[in-house]
Amino acid sequence: MANVKGAELVRPCILGNDPNLPEQTNEELKKEFNLKEVLSFNCNENPLGTSPKAIAAIQEHAKDVFLYPDATCTELRRKVAKANGIDEMQVLFGNGADNVLLMLTETFLNEGEEMIVGSPHFFVYNTTVQLVGGKLVTVPLKNYTVDLKAIKAAITPKTKLIMVCNPNNPTGTIVKEDEVKEFMKDIPDNVIVIFDEAYAEFVDAADYPNSLQYVNAGKKVLVIRTLSKIFGMAGCRIGYIMGPEYLIELMRRTVEYFAVNRVAQDAALAAMDDEEFLHKTLAVNKEGKEYLTKEFTAMGFTCQPSYTNFIFVDFHRDAREIADKLRRQGLLIAVGGGWNCPTCSRISIGTMEMNKKLVAAFKEILA
Ligand SMILES: Cc1ncc(COP(=O)(O)O)c(C=O)c1O
């Protein structure tokens, strides 16, 4: 870090983040290996695309983009509030859940204060904590699942935030209702617990916790959701957070005024009404999950039980080498050095057509 050019000009904490540098585009990849298509199994996007109702809304409202958007997403807040039985002032939208995560650390985390998270974890927690000079305290997962007991034991006087990613990215596992209930007892009063539920809509377990009950019970709890996954709107950038009104109001002091663009708001309103697309997404995901789990298991890989639209797979051999061979065929899977699991990959579930192409490529590579 010491030899970064211009280091003396910046806030020292930003030097802890790597610069976000351009990578090879899919078009460049196609050209390099003479490929017809590139299929993404590495970003947990919706393989069915976007809700047709959202697309129609985007087309209808495209003519309005000369106008600034509604700065506080009034209609969307009302819709989310109604669906969750809370007040509209308990909801705050951002330019994707990523943006919400940044508002969170900007609002609550003083320099040197800690956010605890189970690890391996979603990489954005690192960058958002680092940007405000906070400290990310990582607690190893137990059986690939967030270990709430160990997280509780890691609380120190410097702890301000606890991030419970449920289901967890990258492992796809969940912590259950009774564990969360136990965990929520005796959390120090100055600590805020956040449930990142980016994949909540995919969970089909009866014992998946209803985290809003803790908000309703007056706890310092915040709940994050996104439209990127189930509604297929990753490119629009829109996500939100729910919680006690006073915590949400504090977060409102850090917002970029017009963070959520008009098109995203119009599309989100339509997407949230598209039950048909939602059910289709869930059905395709379920079928794909069963198929991929069966095929990967037959190949000798170990799959974690997934409650999401991706599967965490242990190849029991160098995952980067496999990912690279797949990449040359235009099939992208996620491998993460930072996960401390060099034989594992997070593989998004595609349509059956995509999944079959991926399985065929795996079989070829293993042969
Ligand atoms: C656990 C988790 N939280 C938050 C996000 C960010 O979602 P968004 O696309 O709304 O920024 C993601 C995206 O992959 C995620 O996996």
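**Close-up views of the predicted model**

**View 1. How the two domains sit together.** The centres of domain 1 and domain 2, taken over C-alpha atoms, are 26 Å apart. Domain 1 covers 23-49 + 275-366 and domain 2 covers 53-271, with bounds from an automatic or database domain assignment. Keep in mind that this is a predicted model: local features need pLDDT of at least 70, side-chain atom pairs count only at pLDDT 80 or more, and totals for chains, interfaces and linings use all residues. Residues are numbered from 1 along each chain as its sequence is written.

**View 2. The side of domain 1 that touches domain 2.** The contact (C-beta atoms, placed from the backbone, within 7 Å) takes 25 residues from domain 1 and 17 residues from domain 2. On the domain 1 side, helix H11 (275-298) and strand S10 (310-314) are the elements that give two or more residues; helices here are DSSP runs (H or I, at least four residues) and strands are E runs of at least two, numbered from the N terminus. H11 gives the most, with 4 residues.

**View 3. Helix H3 beside helix H10.** The axes of H3 (residues 74-84) and H10 (residues 262-271) come within 9 Å and cross at roughly 30°; axes are lines fitted to C-alpha atoms over the stretch in contact, with angles from 0 to 180 degrees between N-to-C directions. The two helices are therefore roughly parallel to each other, a label for angles under 35 degrees. Glu75, Leu76 and Lys79 of H3 meet Gln265, Ala268 and Leu269 of H10.

**View 4. Around the ligand.** Here 13 residues surround the ligand, counted when the C-beta atom, placed from the backbone, lies within 6 Å. The closest are Gly96, Ala97, Thr226, Ser228 and Gly239.

Definitions and conventions: Parallel < 35°, antiparallel > 145°, perpendicular 65-115°, else oblique. Contact = placed C-beta atoms within 7 Å.
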